[in-house]
Amino acid sequence: MAALAAFAEGSPAGVAVFDTRLRYAYVNPALAGFNGLSADAHLGRTVREVLPHLDARTHVMRLVLRDGRPRETVTRGQTWSVSRHEERYWQAAYHRLERDGVPLGIVAVLVEMSEVKNEERELVRARRHLALLATAAVHIGTTLDMDTTCRELAEFVVPALADFAAVEVFPPEIGHTVRRAPPGILRMRRAGFAAAPEYRAGAELFTHTGDYIDFEEDAVVAQCIAAGEPVVKDLGEGSEFGRSGATAELIAAYRASGLRSALVVPLAARGASLGVLSLVRSEHSEPFDDEDVLVAGQLAGRAAVDLDHARRYASEHTIARELQASLLSEPRGSHPHVEVATRYLPADRGAVVGGDWFDVVPLHDGRHLKAMGDVMGHGVDAAVAMSHYRSLLRLLAGEDLPPHRILEQLDAMVQRSGLDRAATCLLAVVDRFAGTCEVASAGHLPPVFIDPGQPRSRVIPVNPGPPLGMGFGGYRTEVVPCPPGTVLFMYTDGLVERRGEDIDVSLRRLSTLTMPESGDLEDLLDAALDRFGEGADDDIAVLASRIREDVGLDGPVAGSTRRGRPFRPTGPELIDGPRPVTGPRLAAGPGPHPHPRPRR
């Protein structure tokens, strides 16, 4: 022991000798300093008795004592000395002391490596956070739906950064109204929530999304919005729960889940506040530190850009959809001679609204003009352009021009107006006395004629001139037989165009369209949409019309009826007004031409 003490007294490494019962027999000054106790306070006691907060790895010491093989291990924990490290680490080497093969004890040499270990741990953590930030773009903002983006953000940060996460956003400015919040109250909508698997059962009461939450002005969420900076809050006293309008039952659920600390980060883009990301950890997790704040802030900044895109899309989509619906749902009067059914079908909830439109305009001499058009592009601009085309067409329809002349005039007017949206358009003027239909196309898909009792319909390949707005002209009117009872079916490309399929194949399918047994136009549209509308990538507009067979020259036959239906969006309708009869009117035109696929 004297020789060992002479060697160990001046060593910077901690040196200890244990007897065969693993009690301290010697401690050098360095180890006494590590442990924060005098050497004498160690003697005769075990490590657990001296240092209860240290993982001493005594089982390793027993193995060395038993078989004599030296071993190394890492011990960690805390001692009685003051340290800036939350957890300390020592590299320990154990050797057996023996005489003539008989074990006398263990000598342990320890070197503190807290600095290295903590740096290593921080490096691993930093790498994990960097990987988190690197993959954020893949998992957040996969759609232009705001609620989906909020849910993706909440699920992405759990459990990597928090045990619970919630995303609250301001109510939308367009689409629906929200009740006004009382003075001093911040009203927000919970759009996303996530909880770690071990907490989901206890979090059922506060995992609902879509609810509006009222925050008092001193709540942590309101503080974050006001300051525009992250806020860290200790939830230990529980007073914060009451500032979010929580009920007593909800507050009890919060406390039962062990919510301990919160980090609230603002979501802002283009200088506008969109909402907040709230991260919460339970009492079993470490409190938030500066690095957590930094990582959460960077994640929130990236996610806010996606949320801003989704918000702008939702606003534009709502405006365009409402504008389009209002234009397609204008009421019309009745006419005893012509029956019309129309339908507009959006591609899906996430699709950008298109510029599909249709119209029916009564003309002189018992004729009616049917129009089906599709403005190229999507969004509010396309919906507004659609309203211009529709208004100009109605203006030109009153000039009693053949369809190709209407298209020429419309093309020229669009050019002069500076409207930068081209459009396809199909015009059809049905003359009930002559039993004919004059058709002209501006790059639109061909019409379909369904004759009563026939096994197949007629897809008429009319000459497709250039789309409107190009200024090229060159439209032609063609005459197609259309006796009373024959249905004129018009549509936009969303009904037939499919990726990877030639348009001619799609159009040939339309020749199988026949009238249902009921003979009702609405049932015809149902059948057409069911058969051909599935998997559409674009909005679909369809129009079916026919001259009523049960109507004489002076009006409806006594007892004739029609089946009334609600607007969908315009339903089957009867068109305005009887007009004076001056005789049939035909426009000469060339014969059928092949129909090339229109380019969108």
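Modeller: Here is a walk through the salt bridges, pair by pair. This is a predicted model, in which local features need pLDDT of at least 70, side-chain atom pairs count only at pLDDT 80 or more, and totals for chains, interfaces and linings use all residues. Numbering starts from 1 along each chain as its sequence is written, and side-chain values use heavy atoms, with hydrogens and water left out.

The search of the whole structure finds 25 salt bridges. Each is a side-chain nitrogen of Lys or Arg within 4 Å of a carboxyl oxygen of Asp or Glu.

Take R394 and D359. Their closest N and O atoms are 2.6 Å apart. R394 lies in helix α10 (residues 380-397) and D359 in strand β14 (residues 354-362), so the pair ties together parts that are 35 residues apart in sequence. Helices (H or I, at least four residues) and strands (E, at least two) are DSSP runs, numbered from the N terminus. D359 is buried, at 0% relative accessible area. R394 is partly exposed, at 34%. Buried means under 20% relative accessible area, exposed over 50%, and partly exposed in between (1.4 Å probe, protein chains only).

Salt bridges with shared partners also join R270, D308, R311 and R312 into one network. Within it, the side chains of R311 and D308 meet at 3.0 Å, N to O. Both residues lie in helix α9 (residues 290-328), three residues apart, about one turn of the helix. D308 is buried, at 2%. R311 is partly exposed, at 29%.

One further pair is R23 with D19, a salt bridge at 3.0 Å, N to O. R23 counts as partly exposed, at 27% relative accessibility.
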